[in-house]
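Morning, everyone. I'll walk you through one structure today. Please have a look at it first.

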Amino acid sequence: MKKHWVIEKENPRLREKLAKALGISPITAQVLINRGIKDEVEAEFFLKSSLFDIPSPFFLKGMDKAVERIKKAIERSEKIAIYGDYDVDGVTATALLYTFLRNIGTKVTYYNPHRLKEGYGINIEAIRKLRSEGVSLIVSGDCGITAWREVEEAKKLGIDFIVTDHHKPPQILPKAISVLNPHQPGCNYPGKEITGVGVIFNLTIALRRVLRESGFFKKTEPNLGDYLDLVALGTVADCASLVNVNRIFVKEGLKRLTRTKRPGIKALKEVSGIRGEVDVYDIGYKLGPRVNASGRLRNAGFAVELLISEDIDKAREVARILNQENTKRQLIEEKILKEAIGQVESSTNFAKSCSIVLASKNWHPGVIGIVASKMVEIYNKPTVLISIGEDGIGKGSGRSIEGLNIYEALTRCEDLFEQFGGHQLAAGLSIREERIEEFRDRFEYIVRESKIENVLKLRVDSMVNLECIDETIISELNLLSPFGIGNPEPVFLARSVDVLSQRFFKQKHLGLKVRQGNKIFDAIWFNLKEPISVPKKIDMVFTPEINTWNGEKRIRLRIIDLN
């Protein structure tokens, strides 16, 4: 689908003010403005914020009660269980709190439900199992906000519950000892964007503080900076917005991932082929998918085992298996994508539709979310894919586009579901097979009613002349990293660029030598679907970067789109 270029509106007065106050170029200043920066104070914080700037964990409503109950459990030598979700966010939340409690000598275990056999969230059979193992306190990670029935059942069994979650709270909250969720009414924590592992990290910070004040640590105490590798991994893999608190967590966490002490992360980097510095791309496309493969195709506890391992040889064996599972997942995903595209292309109504809802009895429910994301990339339409089980219950994953909150859209269909939940851009649901057609029609009506444009927008930070691109500008722009959702890589537009030469190589990449004024640059467009030939003069949307080849560093323009 052809992209519509949208150039961000300039603010010359604020741009010059920021450039002068911070000693940066007007180009970098304009990018900061495009990221929502309104004055010098915000700009200074964006560029220089550190762990010292994260809010107090006690801003999270219910933190006092949560910490007090865990402290009491530690003092009484009670057995604590961490009950985590099966995705990367839940797995890292589980591993983080488990490792912290284990390292300070607490009796602790963990549990992650099987995606296919148990489904999402807390289930009473798992609670009974944990009770039989002597657990008297359960702390959830990245789940539980809708588990008011399960929490009541746990009470009857003599188990206390602390719910930690970041999903949108329903009207009825669990009557747990404490509920930690930045989105619950009355919560004053400013970092609403934090994920499940972010909530758990805050709980760990608060717990360490209270234990320190009580004199618990006789010699040394845990360095929580060492846990930021898990926070960054879970935050990025959960597609969270990299702004405010999350940006600090990920910026600091990437440093720890690069020089991690954790055997499981070391082994995971080895099988992922990661050497040197770890970036957001490495998490999103290499580390995250391998951790997720465990929860998609088998029990997520296998991935937790990797992350909590203290034995590098054992960690390498688990990482090797996860790598194999990820390869298997990719093959399954390719097959489902091909079938889904086939369903769409054979539909006579597709061209007129505003949404996509597809179902099959042949699809693996563990990977349909990934395929739904790819369908959105291809067709730019809100998409829900449903895997129908032998019991006639369909498990669905939905992905949305800019302008449509899919969670709110599904809320208008909730009478059709067995259960559902999610975020603005991603959601999950379960539905009986006989109700899928009704859901398809209603979802289409809701999306059509929203009047969102079926236009793939490419946002451009500024129009520039290539003569202004140099290593200083690129170094300044790198200060804005880590880049991701909410803080995208800077993208620029250069018009009337001369193409001096072009070549298509490795059957998928286009290499150009381009010139504007007196400057000549190498430019590259990665992963094209088919060979193309470009005219001698083009308009080019790109991101400037430093490319290292054979030990030599040179500026390269990474092409995003061109006309």
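This is a predicted model: local features need pLDDT of at least 70, side-chain atom pairs count only at pLDDT 80 or more; totals for chains, interfaces and linings use all residues.

The protein chain has 18 helices and 18 strands. Along the principal axes, its C-alpha atoms fill a box of roughly 75 × 60 × 45 Å. How does the radius of gyration sit against that of a compact globule? For 563 residues, such a globule would come out near 24 Å. The protein chain has 25 Å, so the two agree.

Next, burial and contacts. Of the 563 residues, 54% are buried. Now take the contacts between residues at least 6 apart in sequence. Of these, 66% join residues at least 24 apart.

Now to the enclosed helices. Start with α2, residues 26-34. Eight of its nine residues are buried, so α2 is largely enclosed by the rest of the structure. The buried ones are Ile27, Thr28, Ala29, Gln30, Val31, Leu32, Ile33 and Asn34. What covers them? The cover includes three helices, α1 (12-22), α3 (40-48) and α18 (471-478). It also includes a strand, β14 (492-505). After α2 comes Gly36, with a positive phi near 95°.

The buried set is Leu228, Asp229, Leu230, Val231, Ala232, Leu233, Gly234, Thr235 and Val236. Note that Asp229 is in that set.

Following α9 is Cys239. Cys239 sits in the loop between α9 and α10. Its phi is positive, near 55°, and this is a residue other than glycine. Is Cys239 buried or exposed? With 53% relative accessibility, Cys239 counts as exposed.

Stay in this region and step into helix α10, residues 244-258. Phe249 lies there. Its relative accessibility is 0%, so Phe249 counts as buried. Which residues does Phe249 touch, leaving aside neighbours within four places in sequence? The list is Ile54, Ile194, Gly198, Phe201, Asn202, Leu228, Val231 and Ala232. Leu228, Val231 and Ala232 are also among the buried residues of α9. For a distance across the model, take Phe249 and Cys468. They are 219 residues apart along the chain, and their C-alpha atoms are separated by 33 Å.

On to helix packing. Two packed helices are described by the angle between their axes and the distance between the axes. I have two pairs for you, and α14 (residues 312-345) is in both.

Pair one is α14 with α15, residues 368-379. Their axes come within 9 Å and cross at roughly 45°. That makes α14 oblique to α15. The crossing is right-handed. From α14, the contact uses Arg329, Glu333, Ile336, Leu337, Ala340, Ile341, Val344 and Glu345. From α15, it uses Ile368, Ile370, Val371, Lys374, Met375, Ile378 and Tyr379. By class, that is eleven nonpolar residues, four charged and no polar ones.

Pair two is α11, residues 263-272, with α14. These axes come within 8 Å and again cross at roughly 45°. So α11 and α14 are oblique to each other. This crossing is right-handed as well. On the α11 side we have Pro263, Gly264, Lys266, Ala267, Leu268, Glu270 and Val271. On the α14 side we have Ile312, Ala315, Arg316, Ala319, Arg320 and Asn323. By class, the contact has seven nonpolar, two polar and four charged residues.

An α-helix has 3.6 residues a turn, so residues three or four places apart point the same way. On α14, Ile312, Ala315 and Ala319 are contact residues for α11. Ile336, Ala340 and Val344 are contact residues for α15.

Where is the cis peptide bond? It joins Ser481 and Pro482, with omega about 5°. Pro482 lies in the loop between α18 and β14.

With a relative accessible area of 70%, Asn550 is exposed.

That's the tour. Questions, please.

Key. Residues are numbered from 1 along each chain as its sequence is written. Side-chain values use heavy atoms; hydrogens and water are left out. Axes are lines fitted to C-alpha atoms, for helices over the stretch in contact, and angles run from 0 to 180 degrees between N-to-C directions. Helices (H or I, at least four residues) and strands (E, at least two) are DSSP runs, numbered from the N terminus. Angles under 35 degrees count as roughly parallel, over 145 as roughly antiparallel, 65 to 115 as roughly perpendicular and the rest as oblique. A crossing is left-handed if the near helix is turned anticlockwise from the far one by less than a right angle, and right-handed if clockwise. Contact means heavy atoms within 4.5 Å. Ala, Val, Leu, Ile, Met, Phe, Trp, Tyr, Cys and Pro count as nonpolar, Asp, Glu, Lys and Arg as charged, and the others, Gly among them, as polar. Buried means under 20% relative accessible area, exposed over 50%, partly exposed in between (1.4 Å probe, protein chains only). The radius of gyration is taken over C-alpha atoms; the globule rule is 2.2 Å times the number of residues to the power 0.38.
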